[in-house]
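Trainee: Could we go through this model together, one residue and its surroundings at a time?

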Amino acid sequence: MERRQFLKGSAMAGAALAFSGKHSWARSADSRIEIFVDEPKGQISPNIYGQFTEHIGGVIYDGVWVGESSKIRNQFGIRAELIDRMKEIHVPLVRWPGGCFADSYDWKDGIGPVSQRPTRTNFWANDPDAARLHQKGPQVFESNRFGTNEFVRFCGLVGAEPYLAANLRSLPPLEFDHWVEYCNSPAGSTTLAEMRAAAGFPEPFNVKYWGVGNESWGCGGDFTPEEYASEFRRYTDWIPRYGVDLQLIGAGPNGNDIDWTHRFFDEIFGNHPYRNSSFTGWSVHHYASNLSRGKTNDWILSKGDALQFDMVDWYELLRECDRVEQIVADQWAVMGQYDPEHHIKLVVDEYGPWYREGTELDPTHIFGQQVTMRDAVATALTLDAFNRNAEKVSVAACAQLVNNINALFLCHEDRFFATPNFHVFAMYAGHQGGQSLRTEFSAPDIHYVRDGKPASFWGLNGSASRKGNVVTLTAVNPDLDGPSDTQVALRNVKIASASGRILKAGDMHAHNTFENPEAVKIATLDVSVNGETLSLSIPAASVIQLEIALA
Ligand code: AHR
């Protein structure tokens, strides 16, 4: 690994072209950030700070649901500490019940009297990860104890919008209509509304967000884009509305598969155009899972380890996560060819680093993995990319909330802790609903050696937004080698005061555990205000947040 090469105060000349030139920049700074407060780019949808929960491993059972009679503090059977912590970070939306599970799920199994709910084989029962389970618990045989009523109640307790993913592979379209009817038909109106009332919920749930299948190119039916487009019409045409502003989300590509998007939109908007004003979202999934550096595409062999990694693996993971911005740009461009007004926005409803098994806290936690400072930096740079593309991304959901890939929380039975990712969401919550601002970052690239060849990664990046008189700036210094002395300037405004917060750790592998739940936590960051600029030192491998009050 080579230290990054640059000369303070001179190496940035080329990169600084995008800067206004209005400010007198300190020659001693490594990096500069200029926030164009008078150039709003669009409102940051709070829903890009959403979360994803699937019936896999320990997400629902052990994670969200502990049961009413549990000794673990709960509200209606839902883990109370989870609710409290989700409220702290203002989780705006939660997606459920999958994922792949959604296309094997019969929503009717999860309603009605608990004693009459059937037990079914979970979608993930045959996954190689499930094979190691010692016991045949709800991870293998789904008890249906947690169904639509429990999920919507969970969202209500958190203050989040429910986002339901409908089964398009193994249930007919009429069942989709009926699920909407169960959730949204007015009190006393239909047999399904009566069933909802009998469970204690007379008032409609008014669920707005509906996924029309999941990964329909894969576990959701193995469709071609043309076949999926045809199914999409059948499932969404004349869906009952009950006065709810339904938001229908199509199952988009695997990563950046342009062909899937082109062919779907060709079929939908081509010779026999299908116009449905509720079709407002196009789902994209982006997992950073192949860390083999081009050596293999094998799903299992290509994965890295959540805890055992070196400096090159650090940058590799960040590079893989960072691809999300290109995916957003490319998908947006294709969608714009068919929908020039961009009525349909991007919904990145699964994202995060996905490692091989081995660091889960309990054998039943299929896809459970530890979350280090590396993942916190990766999550932060992903959220910054969403903020910068506020006009394109309307919804996003981190995969997954608890006891799974890229979790914010890890727990087992009565033990619970927040991972570094939770702290990232806490630091970024101030962006929700703000106006995304054009912001230019200038910092020398990081140079290192990757498999004997020179490689580089950007040295500083982030996003800024404004709500009233407060500007929120978040940024990531991915450099493992050293801090970045940074100057921040705000255009055409006066700064009244500024405060900073930071997430950092001396060790890139740092993570929280049951024994040490606060090994990684937020600390105060020193910021000095000098007229219309700010100065701060951004430590190596850190995530920062500034709250800047304008005069
Ligand atoms: O998040 C785990 C799985 O990853 C989801 O079920 C699926 O949609 C994706 O492939």
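Mentor: Leaving aside its neighbours within four places in sequence, Glu350 is in contact (heavy atoms within 4.5 Å) with Phe52, Arg95, Gly99, Asn214, Glu215, Val284, His285, His286, Tyr287, Ala397 and Ala399. This is a predicted model, in which local features need pLDDT of at least 70 and side-chain atom pairs count only at pLDDT 80 or more, while totals for chains, interfaces and linings use all residues. Residues are numbered from 1 along each chain as its sequence is written, and side-chain values use heavy atoms, with hydrogens and water left out.

Trainee: Is Glu350 buried or exposed?

Mentor: Buried means under 20% relative accessible area, exposed means over 50%, and partly exposed lies in between, with a 1.4 Å probe and protein chains only. The relative accessible area of Glu350 is 4%, and therefore Glu350 is buried.

Trainee: Which side chain does a polar contact of 2.8 Å join to that of Glu350?

Mentor: A polar contact is a pair of N or O atoms within 3.5 Å; within protein, one must be able to donate a hydrogen and the other to accept it, and residues adjacent in sequence count only if both atoms are side-chain atoms. At 2.8 Å, the partner of the Glu350 side chain is that of Arg95.

Trainee: How far from an oxygen atom of the ligand is a polar side-chain atom of Glu215?

Mentor: Glu215 is listed among the contacts of Glu350, and both Glu215 and Glu350 are among the closest of the 14 residues that surround the ligand, where near means a heavy atom within 4 Å. For the polar side-chain atom of Glu215, the distance to a ligand oxygen atom is 2.8 Å.
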